[in-house]
Amino acid sequence: MKIQFSLLAVFILSVIHDAEANSFLVDKMPPAAFSIPVSRGASVTKSFHANVHSKPICSYYEVQISTSQEGPPCQAISVEDLTPTIKSLLNESELKHGSVNVISRHTTTAITINERESRLASDMEKYFLSLAPPDGRSSADAAQKNTRYFHNDIDQRPDSEEEAQRCRDNGWSIDDPIDLQKWRDQEPINAHSHLLSMLLGSSETIPVVNGEMVIGQVSNGEK
């Protein structure tokens, strides 16, 4: 039996601490590029095609997605198969020979190539959360009581002028104490998500030959 490898997106979701209500709110995932769960649809929000002498040399697609987990977003790891969507976009681009570069545009989503199997996906979640468990201040089931990350000290942020300016650029009047608290209330406790995405990587480049991605496959007890 041959097992075909798949291009996977690994979402490391997070929660937001609402200091005023002393409760936790779930974070919603922002857009990622070239990503789609099997059980839900996706919409292409942006596309770009570069041509030289009427011949296409590059096509770019940005696809907005959500995870396939049931119910509202929660602090967990979700593994999604991107292969069908990448194949569809590859066919649309009419690329015959070259490469496809798949990149996540969010810093808590990773891209990797591996076998798409449900029990392996469960192993991934258990293993990754053992490497970087959620903060003890999180409401996540996997949270470790004695685990604390500097990034999650929301009450001390922004602690640099660079971060403060990013807040202002995004429309937060953080020089106003009330608006500053609103910004802190919506910030997710997600340091472990950033760390895990750095370990896995945010992109993959796949060769294309005769219009097909060369992802690879392994033989497992083939007769």
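Student: Let's start with contacts along the chain. What share of the contacts between residues at least 6 apart in sequence join residues at least 24 apart?

Tutor: Keep in mind that this is a predicted model. The idea is to ask how far along the sequence two touching residues sit. In this protein chain, 72% of the contacts between residues at least 6 apart join residues at least 24 apart.

Student: Is G98 buried, exposed or partly exposed?

Tutor: Look at relative accessibility: under 20% is buried, over 50% is exposed, and partly exposed is in between. G98 has 38%, so it counts as partly exposed. Over the protein chain, 40% of the 223 residues count as buried.

Student: And how many helices and strands are there?

Tutor: The chain has 5 helices and 12 strands.

Student: How do I read a sheet, say the one with β7?

Tutor: Work out the order of the strands, then see who pairs with whom. Here you have an open sheet of 3 strands in the order β7-β10-β11, with antiparallel pairing. At the edges stand β7 (98-103) and β11 (212-213); each has a single partner strand, so one side of each lacks a neighbour in the sheet.

Student: Over how many bridges do β10 and β11 pair?

Tutor: Strand β10, residues 203-209, pairs with β11 over 2 bridges, in the antiparallel sense. N210 sits in the loop between β10 and β11.

Student: What should I notice about N210?

Tutor: Check the backbone angle phi, and ask whether the residue is a glycine. N210 isn't a glycine, yet it has a positive phi of about 55°. With 57% relative accessibility, N210 counts as exposed.

Student: Next, how do I read a nonpolar core?

Tutor: The largest nonpolar core has 13 residues, and V10, I77, V79, M124, F128 and L196 touch the most other members. Two or more residues come from each of β1 (2-12), β6 (77-81), α2 (118-131) and α5 (191-200). The biggest contributor is α2, with 4 residues.

Student: Which residues does V79 touch?

Tutor: Leaving out residues up to four places away in sequence, V79 touches L8, A9, V10, R116, A121 and M124. Another core lies apart from that one; it has 11 residues, including V100, I206, V208 and M213.

Student: You mentioned α2 and α5. How do I read a pair of helices?

Tutor: Look at the distance between their axes and the angle at which they cross. The axes of α2 and α5 come within 10 Å and cross at roughly 110°. That angle falls between 65 and 115 degrees, so α2 is roughly perpendicular to α5. The crossing is right-handed. Making the contact are F128, L129 and L131 of α2, together with H192, L196, L199 and L200 of α5.

Student: Why would residues a few places apart in a helix point the same way?

Tutor: An α-helix has 3.6 residues a turn, so residues three or four places apart point the same way. Now list the buried residues of α5: A191, H192, S193, L196 and S197. Just after α5, G201 takes a positive phi of about 100°.

How values were computed
Residues are numbered from 1 along each chain as its sequence is written. This is a predicted model: local features need pLDDT of at least 70, side-chain atom pairs count only at pLDDT 80 or more; totals for chains, interfaces and linings use all residues. Side-chain values use heavy atoms; hydrogens and water are left out. A nonpolar core is a set of buried Ala, Val, Leu, Ile, Met, Phe, Trp, Tyr and Cys residues joined through side-chain atoms within 4.5 Å. Buried means under 20% relative accessible area, exposed over 50%, partly exposed in between (1.4 Å probe, protein chains only). Contact means heavy atoms within 4.5 Å. Two strands pair if DSSP finds at least two bridges between them. Axes are lines fitted to C-alpha atoms, for helices over the stretch in contact, and angles run from 0 to 180 degrees between N-to-C directions. Angles under 35 degrees count as roughly parallel, over 145 as roughly antiparallel, 65 to 115 as roughly perpendicular and the rest as oblique. A crossing is left-handed if the near helix is turned anticlockwise from the far one by less than a right angle, and right-handed if clockwise.
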